[in-house]
Amino acid sequence: MTPNQYLHTSGPNAEAYQQVYLRMMGGTTWHWAGCAWRYLPSDFELKTRYGQGRDWALKYDDLEPFYYQAEVMMGVCGPDPKVEDLGSPRQQPYPMEALPISYAAQQFRKLITEKTPYRVVHEPQARNTRPYDGRPTCEGHNNCMPICPIGAMYNGGYSVYHAETAGAKFVPNAVVYKIERDSANKKVTAVHYYDPDKGSHRVTGKYFVIAAHCIETAKLLLVSADEQSPNGIANSSGHVGRNMMDHTGVQVTFISGDKALWPGRGPLETNVIDNFRDGDWRGDRGAYLVHMVDDNQVDFATQLAISKGYVGKDLEDQIRYLASHTVRLFSHNEALPDPDNRLTLSKTHKDALGIPHPDVYYKLPDYTVRSCEHTRGLFKDLIGLMHGTDEQWTPGYFPQDHPSGSTIMGVDPKDSVVDGHCRTHDHENLFIASSSVFSTVGTGNITLTVAALALRVTDTLKKELLHA
Amino acid sequence: MPDFKTVFWSFLVGGTVLAGLSSFAARAADVDQDVMNRGAYLATAADCIACHTKPGGIPFAGGLKIATPMGDIISTNITPDADHGIGKYSEHDFEQALRKGKRRDGANLYPVMPYVSYAALTDQDVHALYVWFMNGVKPVAQTPPATQLSFPSNIRLTLSGWNMLAGTETQETGDSASYDKMRRGRYLAIALEHCGTCHTPRNVMLMEKSDQYLAGSPLSGWYAPNITPSKTGGIGDWSEDDLVQYLHTGRVKGRSQAAGPMGEAVEHSTSHLTDADLHALAAFVLQVKAIDDASDTQPRDGFGKANDIPDLRSGELTRIDNLSQKSPENLFDANCAACHGQNGAGTVDQYAPSLYKNSVVGAGRPDNLIMTILTGVNRKTADGHASMPAFGSTSDVQRLDDAEVASLVNYVSKTFGSGTYTVTADQVTKVRKDHTPH
Amino acid sequence: MTKDRHCPLVDLHTSSPNAMRLNPLTRMSRRDTLMTGMAGVGVLAVGNVVTAEPATGADPELERFMKVSTRLTDRASLDPRIGKALYERNLQSAPERKAQLSKLATLLESGNYENASAFAKAAEQADPAFKDVIHDIMTGWYRGVADGKVVVYRSALMFDVTKDAIYPKTYAAGGPFYWTTQPPEVDKPTGAPALSPSKFDVEPT
């Protein structure tokens, strides 16, 4: 169970699915590191290219213009593809120039370039490298997570403010608990929500878009079950709540035996080893990417030095040494859609409004386990290259908080929930804008792809509303 | 330092102006390039773009709303478009507008246009400005909304009387490039940069008080401070180099930084002046008559020190929906300390400046501190892009209400500045309403 | 867990995001969120800033705690305001803690220890329980944490020791891209631990 007793997980890898997310305006972008990856073209065609998982019901090129639109709206910085090609073809340059990486990341990149066949690239980030959209340039407070203290990093709140200024209406503290359909069960006619005092309200509309992230979206569809749809809304396939995925992580912290790095000067996540995002081996094991996390390690160093038994001047010397030599690596390892990895409604736990909590059964796909093993091997090699000591491996597998797949996209209504336009197969005016529609989870952070899909939904809506 | 410091007439202007220029270089092929360069430099030094361009607008196409006690005056299109701008102006028409405040049709310009200052321009420089405006500026076919004032200010004839009463600068002669340092400095301060337009207090008729030159004046919510060499009320403790650095970059560590209208003046005008001109201008300003100040009785940049208080925590957790009003310490901690430091020292490189030894905080008037918090800082020069987010009504970073701004201003002033005033929420309400986007 | 509660002063159904941004009674924006923790339960991880009060009416036991602290940190002086807060919080960690601190002070007064290491070694030899007491004192001064609670954040000594290279998270050390420059080199220290090691768990991130 997550620390706030909300999400219940079970199964062989229950601990690997304890996702942390925020149920509030702006969602978990209040607490992210701004990583704004586009997926690779191959991520959309995993089945065709590598015989694994599924294909999406759209191709990279379908999403490319919306990726760019999302990058402009969020304010994404990234490298010039002519200098550093991240593998996702671009029609336009990034809205902002790439963020210059820290001294620590520069040294890491130098090591990787000189001593391994791999490379370190600039991570695309929704972070200002110049004043942008009324928000200032990043000053490197190193506090992206939990939150950017100066607004240099994008969060979803900014888009809500812009939307409201443009005329959108926002109802705070409204928890949707029911989706109503017409008698033919073809169209959604209204949603019902509770206010904090459990007063019920009904909202009608022509079109409905659910954008409640992976876990809450599936939960809402399931909780709306009634006589008309006993398995939940949009669930004639039975796939709502199934195919739960994430980027499972491997993490190690160690003390480099080389020169001082002083990680933690600048933003948190700026650089990535991207050699394992794609390759023929994806027929056998999942892809992954590696972050050398640029995290202030002074507190870690102090805890470590005190636990070793140092006091006084010796302790201070150790703090300086350890804080300047600590290296932390972690990975995002690709999962596969497995219908058995499933979200259901809790039979035992309800929230204050009487709505069931979500339960998730999770077993890591062997594909992901093999990927994680490969990552561990790579990390061990890197620790050796850096003459590392004091290895601290985070036990087991840990969630990267990128839940996805619970209303999976596909061309066949029998085994998927939405089509290539994120429209539910069952209800022609119901769309889902969420990572829940992902057919595969790739390796890059999911946020930019969620935003691009949402913008593609709005494009569809605009066309249909204008024609109507 | 940039090489333009060594080239006297070399010409550098901001991107927008430059863009306008390059597209018209061909048309200006038959025009004397030295005259063009001189005109461009003079237009930059006179900061015409500041008033004749609306935010985000096309350079010199007008449309900026300028608040005056008479009402809002909207600047006009001064591009060489024949129908919408000044394309039909002869050099004589141009000279009359510039130095006499007379429009081509004979009507009087509102004295927001600093023609009483431009009256000091030499004939040679008026000519260069005319040549550049006609050949170096892209014509723009758009007319900004007309100024609508109420009676009697709407009667432009009234201004004839004003013009008779107002003291006008005497026209300078000869080649202004050949002046000695002090004469050149005076020419820059008066005829071009028109410092007095903002920094000299005005009488009830809104005329600059000539005996109070540069003694400080309110300006659209800001306060253009006393910059006479008074040791207590002005900038008598500044060196010529300090002032040159300020005008060139907009900031001097331990003294002050430019925001608001002065930030724009630095960005668009003074940061592009040659080193020799900046020294001449600074030397002139530092020798005008020292005038003491009613509010500032100690140097504004002399106050305060780092706040040496440990950040003791209560250990009690606070819910995000805790509705109680935050203490000034908490407001400072949540909104200011991330960049300026809890101790107020700013960053080591002073990208975020120290709050003590800072004229804005040390001033005896709260105007500039309030406006900085409400509207932020956005000043781009070769020195870098100074960017403090606004905390006002349209901020996309954080919006503070009037009581919070008042609380912060008082806390910052008492902790790092003079602490001589107490701002009320009502004062902030008025400033916000009158002078900031909301 | 903090008790759930509603907000009685405003009409939640008529407040828009932009309106809420300007109303501190309803606002839930970035900087306010800054004051909260991660798990979505909305708690402030480090507690509110409190105004430091001068340490008046000297408590003799507090003064002895300060002497022990000074010895264990090898420092000429320590901030008495932080010391008072640490001492008070430290006492709450265990019922016997007050007596333990007193006995540790007695040990210091009874001998002549040339540095922190010598004193810490002697203390652990005299009574193995002193190891945890010293551990807590070190954690208090260097990490700013006592009895599992944050007493000080940026004033913790770990940030003083490293301030030439790095600032505490959330505080700016310079303008944009300062981080590309080379920070100071640090030689491998030669000192040895004074106490036997304690268990160390990495906090998952």
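How many bridges join β14(A) to strand β15 of chain A? Select residues 356–361 of chain A for β15(A) and you can count 5, with the two strands running antiparallel. Helices (H or I, at least four residues) and strands (E, at least two) are DSSP runs, numbered from the N terminus.

Before going on, a word on what is on screen: this is a predicted model, where local features need pLDDT of at least 70 and side-chain atom pairs count only at pLDDT 80 or more, while totals for chains, interfaces and linings use all residues. Residues are numbered from 1 along each chain as its sequence is written, and chains are lettered from A and ligands numbered from 1 in the order in which they are written.

**Stop 1**

**Stop 1: an enclosed strand**

Select residues 288–292 of chain A. This is β12(A), and 5 of its 5 residues are buried, so the rest of the structure largely encloses it (buried: 20 or more other C-beta atoms, placed from the backbone, within 10 Å of the residue's own). Tyr288(A), Val290(A) and Met292(A) point one way, Leu289(A) and His291(A) the other. Bring in β11(A), residues 271–273, joined to β12(A) by 2 bridges and antiparallel to it; Ile273(A) stands opposite Val290(A). Then show β13(A), residues 326–333, also antiparallel to β12(A), with 5 bridges. There, Leu329(A) is the bridge partner of Met292(A).

**Stop 2: where chain A meets chain C**

Here 69 residues of chain A are in contact with 65 residues of chain C (in contact: C-beta atoms, placed from the backbone, within 7 Å). On the chain A side, α4 (156–165), α6 (298–308) and α7 (312–325) each supply at least two residues. α7(A) gives the most, with 12 residues. Colour chain C by element and you get 8 helices and 2 strands, in the order α-α-α-α-α-α-α-β-β-α from the N terminus. Of its 205 residues, 40% count as buried.

**Stop 3: the cores**

Centre on Val311(A). Leaving aside neighbours within four places in sequence, its contacts include Leu72(C), Ala116(C), Ile134(C) and Met138(C). Val311(A), Ile319(A), Ile370(B) and Ile134(C) have the most contacts inside the largest nonpolar core, which has 211 residues. A nonpolar core is a set of buried Ala, Val, Leu, Ile, Met, Phe, Trp, Tyr and Cys residues joined through C-beta atoms within 7 Å. Apart from that core lies another, of 70 residues, with Trp132(B), Ile227(B), Val285(B) and Met388(B) among them.

**Last stop: confidence in chain B**

The mean is 88, and 89% of the residues of chain B reach 70 or more. Over residues 1–26 of chain B, though, pLDDT stays under 50. Where pLDDT is low, the predicted coordinates should not be read in detail.

Note on methods. A residue is buried if 20 or more other C-beta atoms lie within 10 Å of its own, exposed if 12 or fewer, and partly exposed in between; C-beta atoms are placed from the backbone. Two residues are in contact if their C-beta atoms, placed from the backbone, lie within 7 Å. Two strands pair if DSSP finds at least two bridges between them. pLDDT is the predictor's confidence in each residue, from 0 to 100.
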